[in-house]
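Colleague: I have a model on screen and some questions about how the chain is built. Can we go through it together?

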Amino acid sequence: MPFSLQGEWILSGKGCDDSKLFHLYMYSIKYPLLTQVSEFAIFFGNELDAEVLSMSMDLFIARSVITKASLVFKGLLEITETQLTLLKSFHVRLMSIVLDVDVEPSNTPWDTAKAYLFVPLAGGKSADPMNDIDWVLVENVTETDAWSNPLQRARPDVYLGTNERSLGGDRREYGFGKLRHGMAFEQKSHPTYGIRGAVAQFDVVKASGLAPKRDAGEVPYQVDLTKGKLILADSCIEAENLVGRIITAAHSGKRFYVDSVRFDMTAENSFPRKEGYLGPLEYSSYADYYKQKYGVDLRYKQQPLIRARGVSYCKNLLSPRFEHSEGHDGESEEINEKIYYVFLPPELCFVHPLPGSLVRGAQRLPSIMRRVESMLLAVQLKDIINYPVPASKILEALTAASCQETFCYERAELLGDAYLKWVVSRFLFLKYPQKHEGQLTRMRQQMVSNIVLYQYALNKGLQSYIQADRFAPSRWAAPGVLPVFDEDTKEEESSFFDQEVKSDEGLRRKILDDEEYEEYEMEDGELESDSSSYRVLSGKTLADVVEALIGVYYVEGGKNAANHLMNWIGIEIDFDLKEINYSIKPSTVPDNILRTIDFDALEGSLNVKFTDRGLLVEAITHASRPSSGVSCYQRLEFVGDAVLDHLITRHLFFTYTDLPPGRLTDLRAAAVNNENFARVAVKHSLHLHLRHGSSALEKQIRDFVKEVQNELSKPGFNSFGLGDCKAPKVLGDIVESIAGAIFLDSGCNTAAVWKVFQPLLNPMVTPETLPMHPVRELQERCQQQAEGLEYKASRNGNLATVEVYVDGVQVGVAHNPQKKMAQKLAARNALVALKEKEKAEAKVNVDDDGKEKRNGSQTFTRQTLNDICLRRNWPMPLYKCVHEGGPAHAKRFTFAVRVNTSDRGWTDECIGEPMPSVKKAKDSAAVLLLELLNKWYA
């Protein structure tokens with residue numbers, strides 16, 4: 001926890017010594033718009049950093065609904081001990097309901113490491129912040145007798161002896177799968193099975209004495225219903241005062257928000273049929289329903305029914321749970337949400353002591369505080385590093401993709417990785433002029449490998465700052481309200497990012513006395529056993545965070561900031577080139593070698609004049625042609641590879657600022673690879689100047705040049721290294737070595753290298769022109785369709801054969817001397833065959849009426865639409881169910897889809913045909929949208 005949240009004051013508040021005052025900082029939570037949600041403030045013992053107050057966080061309230069929240073300083077308050085006792089009691093009562101943890105304010109433990117309180121605001125604006133606190137509400141909540149009823153507190157199932165979370169029927173719907181599994185093996189059925197979300201059958205509640213006695217013939221209340229009063233389980237209330245409150249159902253223990261009182265409905269009204277159900281009536285009326293299902297005889301059947309909706313459990317609001325569209329800021333959770341209402345007889349309901357708007361607002365507090373705590377940790381780390389970089393960017397570098405939030409470290413990690421590689425390569429190259437390329441590579445690996453960076457991170461305690469697990473409110477500890485970890489408890493809330501995020505590869509390590517690494521296979525955020533006191537981070541995550549911090553500091557403060565961070569983390573490098581005990585001496589190349597090289601043509605192709613032409617000679621000299629006074633290009637290739645990687649990655653990073661990390665990685669891989677560099681060499685005739693002494697190499701180059709010339713003859717075609725011919729490695733190497741030569745010749749100036757290479761690399765790969773490797777594309781297609789993919793390789797002499805099988809059926813085969821190339825060609829052939837099959841299945845059939853009818857089994861329709869969106873850098877398509885109907889055995893779904901194009905805005909909504917499954921309904925809508933896009937961009 002951040003140091004700024006610590007405070008001994010949280011342990012006070014047990015006495016009534018009002019002479020003792022506590023000085024607390026009050027911060028209110030600000031939303032752009034408030035409806036049906038109470039306002040809150042937070043009390044801290046220390047003043048928050050200004051960067052925390054300037055932070056605005058997105059809260060994903062519901063489908064297509066995003067609101068923003070921020071903290072506003074209200075003032076420094078003096079709180080008496082009596083007031084502190086009252087506020088602590090209110091805080092515990094509120095958060096125990098929100099987090100579903102049954103605790104008593106009088107005996108709950110408090111932790112000085114997490115010292116803050118949530119307090120309600122009255123809504124008005126006063127000059128004195130103390131008057132903004134809703135003291136009336138605080139007193140009503142803390143002093144009411146309703147808390148003596150276990151049904152009104154959290155976890156009534158524990159009191160009743162029906163632990164719903166471990167046995168099934170939980171409001172969070174944790175255990176239905178386990179319950180069915182137990183029933184299959186003839187284990188004892190849980191008493192609430194069949195009562196969705198119930199904590200106990202009514203007879204269990206009644207036997208516990210929690211429900212009022214209901215003796216036959218006894219009518220405890222004589223109330224005139226025409227005057228708008230309702231008879232509840234333990235009291236009477238005006239109907240208008242019930243709207244907006246929370247009620248607890250005595251027959252099930254569930255809680256509901258009261259939407260309205262339906263004076264046009266009573267318990268004698270006929271019970272509604274399920275949509276599409278045509279069989280006999282199961283229940284004749286609401287009274288009959290409660291009689292048969294719960295064993296309850298209603299006494300006041302003429303009372304109007306209460307229309308209510310269930311109180312949901314506290315959700316993670318920091319992750320987009322659904323596909324959302326921008327511009328829908330608001331607070332109404334009913335927008336695009338399918339809300340299920342129930343109709344309850346008032347006599348089975350208790351009024352809960354917490355108002356509905358208060359609970360709605362409080363359910364946002366865990367997510368808000370999670371972000372505040374994370375930001376405070378980032379500020380704390382910033383102060384330790386001691387360099388002026390925005391804390392929000394440091395937080396981004398500390399947040400793993402597995403958190404499934406709207407930002408993560410992956411983009412910054414890509415840039416930091418390239419910069420770290422470049423700086424270390426430059427340092428080693430200049431520091432050790434006598435070491436060859438293999439030795440330099442090994443030395444670099446020893447300085448920047450994941451294991452080394454992992455150890456640096458541990459030495460600096462970075463594991464305490466990293467956010468690596470998705471926020472789960474059920475596992476979050478509020479002050480005074482610790483989470484309860486039940487067996488097999490697991491949040492199953494769906495997330496839009498579930499298909500996007502891939503788990504980090506675990507770094508296998510052995511931890512022995514000699515500091516080797518021990519094997520382990522735990523994923524980020526995993527909790528060992530039943531312990532909640534620590535988590536396990538993969539070594540790769542720690543290494544990635546180091547690289548991400550380097551990237552963030554480079555973006556925000558340039559080379560000086562990145563170098564400062566690297567020094568702090570422990571990477572010992574002399575960044576000042578003047579201090580490196582090595583000077584670049586002019587080369588002494590014999591004149592007879594210089595005369596054999598056409599420098600005018602070579603420098604003309606590069607559009608640069610070398611001061612020391614000996615460097616250029618070294619850059620084009622292969623090891624197969626040793627010459628006196630001339631080294632081969634391998635050392636220059638070592639430094640040139642690093643400088644090109646850094647420059648190209650930096651270019652892509654700053655050019656495509658909104659591109660997701662995965663796509664940016666793909667762009668970098670397409671731009672920085674030996675195959676692409678080899679094609680650059682041929683395109684600019686650099687291969688003609690290569691000095692080598694191998695006839696076999698000469699033939700390889702000649703064959704490759706013909707293949708590239710065929711590629712270049714195709715208008716608009718660029719394979720970016722994914723062509724059908726494997727390039728000789730030497731051609732890509734000389735491009736990198738020439739980059740190293742330019743770097744040294746210009747006095748170690750990377751700007752000079754980029755000035756030469758930017759036009760050489762054009763056209764640079766873009767999101768629109770990015771090709772996908774056939775092997776990867778085939779793998780993703782098979783994953784999308786849940787199909788089995790298998791490659792079978794064999795070799796006959798010098799020829800490798802690779803066969804591709806999908807669900808056991810051969811769909812592609814290819815032959816090539818190189819196995820990897822044969823696999824790529826086989827995957828490409830398989831894709832062609834699968835796409836032909838797709839077209840055949842998507843043919844238009846004509847039905848009996850002569851109308852066109854689509855075949856509903858288009859296998860890759862949605863994937864095709866997704867591919868178009870990715871290539872054009874559009875957001876993913878937005879699907880919406882517009883109709884769902886039909887009997888249970890023959891349901892039909894109708895979906896609509898639209899997409900936000902970058903140049904023409906939102907498309908029209910394309911509504912597909914009714915289909916028997918959601919997938920086919922989405923496919924049907926996607927077909928129409930593809931036709932529309934084809935008309936637009938044909």
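Modeller: Two ground rules come before your questions. This is a predicted model, where local features need pLDDT of at least 70, side-chain atom pairs count only at pLDDT 80 or more, and totals for chains, interfaces and linings use all residues. Residues are numbered from 1 along each chain as its sequence is written, and side-chain values use heavy atoms, with hydrogens and water left out.

Colleague: How many helices and strands does the protein chain have?

Modeller: Helices (H or I, at least four residues) and strands (E, at least two) are DSSP runs, numbered from the N terminus. On that basis, the secondary structure of the protein chain comes to 30 helices and 24 strands.

Colleague: What percentage of the residues is buried?

Modeller: Buried means under 20% relative accessible area, exposed over 50%, and partly exposed in between (1.4 Å probe, protein chains only). The protein chain has 938 residues, and the buried share is 52%.

Colleague: Which residues have the most contacts inside the largest nonpolar core?

Modeller: A nonpolar core is a set of buried Ala, Val, Leu, Ile, Met, Phe, Trp, Tyr and Cys residues joined through side-chain atoms within 4.5 Å. In soluble globular proteins, nonpolar side chains tend to be buried together. Here the largest core holds 195 residues, and those with the most contacts inside it are Phe 43 and Phe 757.

Colleague: Which helix gives the most to this core?

Modeller: Phe 757 touches Leu 644 and Val 735, among others (contact means heavy atoms within 4.5 Å). The largest core has 195 residues. The top contributor gives 16 residues and spans 539-569: helix α17.

Colleague: How many disulfides does the structure hold?

Modeller: A disulfide is a pair of cysteine sulfur atoms within 2.5 Å. Cys 349 is buried at 1% relative accessibility, while Cys 236 is partly exposed at 36%. The disulfide count is zero.

Colleague: Which residues does the cis peptide bond join?

Modeller: Most residues other than glycine have a negative phi, and most peptide bonds are trans. Pro 763 sits in the loop between α26 (750-761) and α27 (774-784). With omega about 0°, the cis bond joins Asn 762 and Pro 763.

Colleague: Asp 100 and Asn 386 have positive phi. Is Asn 386 buried or exposed?

Modeller: Asp 100 has phi of about 60° and is buried at 7% relative accessibility. Asn 386 has phi of about 65° and lies in the loop between α12 (365-385) and α13 (391-398). At 58% relative accessibility, Asn 386 counts as exposed.

How values were computed: Lists of a residue's contacts leave out its neighbours within four places in sequence.
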